[in-house]
Amino acid sequence: MSDKKPPFAKILIANRGEIACRVIRSAKRMGIKTVAVYSEADAGALHVDIADEAVAIGPAPASESYLVADKLIEACKRTGAEAVHPGYGFVSENTAFAKALEKAGITFIGPPPGAIAAMGDKIESKKLAAEAGVSTVPGYMGVIADAEEAVKIAKEIGFPVMIKASAGGGGKGMRVAHNEQEAKDGFRSATNEARSSFGDDRVFIEKFIEEPRHIEIQVLADKHGNTLHLGERECSIQRRHQKVIEEAPSPFLDAETRSAMGEQAKSLARAVDYCSAGTVEFIVDKDRNFFFLEMNTRLQVEHPVTEMVTGIDLVEWMIRIAAGEKLTLAQEDIDWTGWAIESRVYAEDPRRNFLPSIGRLSRYREPDGEGVRVDSGVFEGAEITMFYDPMIAKLVTYGEDRGKAITRMQRALDSFYIRGINHNMDFLAAVLAQERFRDGRLTTNYIAEEFPEGFEGLDATDEVLRQLIATAAVLRFVRAERDAETALEETPGDWVARVEETNHPIRVSRRGEDFLVELEGHSLTVSSPWQPGDLVFKGRVEGQPVSIQIDRRSPADRLSVGGVSKEVMVLRPHVAELAKLMPVKEPPDLSKFLLSPMPGLLVSVAVEEGQEIKAGEELAVVEAMKMENILRATSDGVVSKVCAQPGDSLAVDQAILEFE
């Protein structure tokens, strides 16, 4: 398709971050000029740098910049952009914006306003789906007035239920309730999040399907009545209804179910005169019964896995369809080859209940290699702010089969070097390492079931521990070779590796380009071109390929691989003995304080000074990145001091309450 005349001379991308960069790259390949828009917080962003032109549109809050239709349309007029690609989020499913573009004579690279309106309202979309012959989940589709009515409806449907924002998406405004109290709390949080994120606080309630899989169908439709589906994506690995890992195809579906879901997705698209690249989402039970969830009329975050297995550029087709071109493909032309997996790399701390992390990327190195794709909108030195979604990048790997795609993903995660902020890659590695994941036994409850106590990192197996010690020994040996004075002062290789409180005698010697590490009865051959200063140790240990990340903390190296992280000191034997005598510094006791677990806005404080509290009682609500987080008491006590007030901007670990 790329040899055709560009369908537009210039388009504006009404978005930011990795999706803006993604659209820009396809547009440039098509010979289309691009215009980026940016807020004050994004003045130095990557999408601004790689676009042909860039227009400032306002302050950091999205409500004053990326969500302001008039500013976006004015930017089109100022630059001569003929069309707008909205990406996802922001104005991508905003009917008023699509209509405003139409009125201004600017093409919306997406479906007509009617299709957006029909599918954008979760309540109305379910009614339309039922009319189109699409299977739907039992529930109450009316607007719910208050928490008491929510409880009444939930009881009638039968717990557990899902409370969902009518205008929702991206996991915001969604809560699962297993009892009356959770229904009350969930209704309040869902409506507040919906109001904050979408300006629409309506919610509805439906039956929560147990042992559910979240599987979606990609559809592609033009303006000439041609509609086809590009197969499914498995999106069951979720946390708080936010997708974490996706793949195509699904390891669960058979050909018959895939075909049935695809045909229903196409029927719904035709029923609302849909045209563009959209997604019909289904919940699938253990018996492969499937029920309609919603239709996203925009591009999905996880679209790259479909592109990898079909070879079809969805962004390019969105642009061509918007320009009125016909699909050149028929359903029988769609071919699925191989397997693709996407991991969402977020700025968050898995060890603190996945709380958002903000700051500057002091180090940023993306992985590469066969079957590896990285969609990102950042660079080394870029800043992750509190104003937008915490996604850093989407890491995608492709293989001839699922096992190969998983293996490549594991190696790519081990090579993806990010410092300056907390990130979730060790958690992603832990998910992939589970036997249950490799077996494809997935549900949307996977994370809650596999990590019921939260995530504290993986324990090192004996094999991984030997790999880390052998690597640390080779690092020390190579450094010693480079340092003439050190090499003269000691016999390189006769050392002790200290890991936590344990000493491991080791000896290292060269064998040509390789190293031999003798460790407690094991002789390990290590090969690597590593040089001092390299951030990742890439090579082989006992023939196994490894990519081990290095944080130099002299005299130790903190080494990380496969979700395991250990600090290893390689010392002379007598120094290692002395190290045993070093006192361990105890952390300060902060149990008397309620600390903000993240940077964010203090929405409310539910207690006052002198008040007695019980374990489990709500204490405060903190909002970060448009998500509400209810902080509860972990034990009984008495509030002695309120340290912060509603409306305050909180830093991580800032005191909110002090207890007696």
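## Ground rules

The model is a predicted one, where local features need pLDDT of at least 70 and side-chain atom pairs count only at pLDDT 80 or more, while totals for chains, interfaces and linings use all residues. Residues are numbered from 1 along each chain as its sequence is written, and side-chain values use heavy atoms, with hydrogens and water left out.

## The barrel

Let's start with the strands. Helices (H or I, at least four residues) and strands (E, at least two) are DSSP runs, numbered from the N terminus. Eight strands close into a barrel in the order S24-S25-S26-S27-S28-S29-S30-S31, with antiparallel pairing; strands count as paired if DSSP finds at least two bridges between them. From one strand to the next, the twist averages 35°; axes here are lines fitted to C-alpha atoms, for helices over the stretch in contact, and angles run from 0 to 180 degrees between N-to-C directions.

Strand S24 (residues 494-499) is a handy place to look. S24 pairs with S25 (residues 502-511) in the antiparallel sense over six bridges, and four bridges join S24 to S31 (residues 564-571), also antiparallel. Val-496 stands opposite Pro-505 in S25 and opposite Leu-571 in S31.

## Two hairpins

S24 and S25 make a hairpin with two residues between the strands, and Glu-500 there takes a positive phi near 55°. S25 goes on to pair with S26 (residues 514-519) through six bridges, again antiparallel, and Val-508 has Val-517 in S26 as its bridge partner. This hairpin also has two residues between its strands, and Gly-512 in the turn has a positive phi of about 70°.

Contact means heavy atoms within 4.5 Å. Helix H16 (residues 462-482) lies across S24, S25, S26, S27, S28, S29, S30 and S31, running at about 60° to S29.

## The cores

A nonpolar core is a set of buried Ala, Val, Leu, Ile, Met, Phe, Trp, Tyr and Cys residues joined through side-chain atoms within 4.5 Å, with buried meaning under 20% relative accessible area (1.4 Å probe, protein chains only). The largest core has 38 residues, and Ile-392 and Phe-416 are among those touching the most other members. H13 supplies the largest share of this core, seven residues.

Leaving aside neighbours within four places in sequence, Ile-392 is in contact with residues including Tyr-364, Ile-418 and His-423. Apart from this core lies another, of 37 residues, among them Ile-32 and Val-315.

Notes:
Buried means under 20% relative accessible area, exposed over 50%, partly exposed in between (1.4 Å probe, protein chains only).
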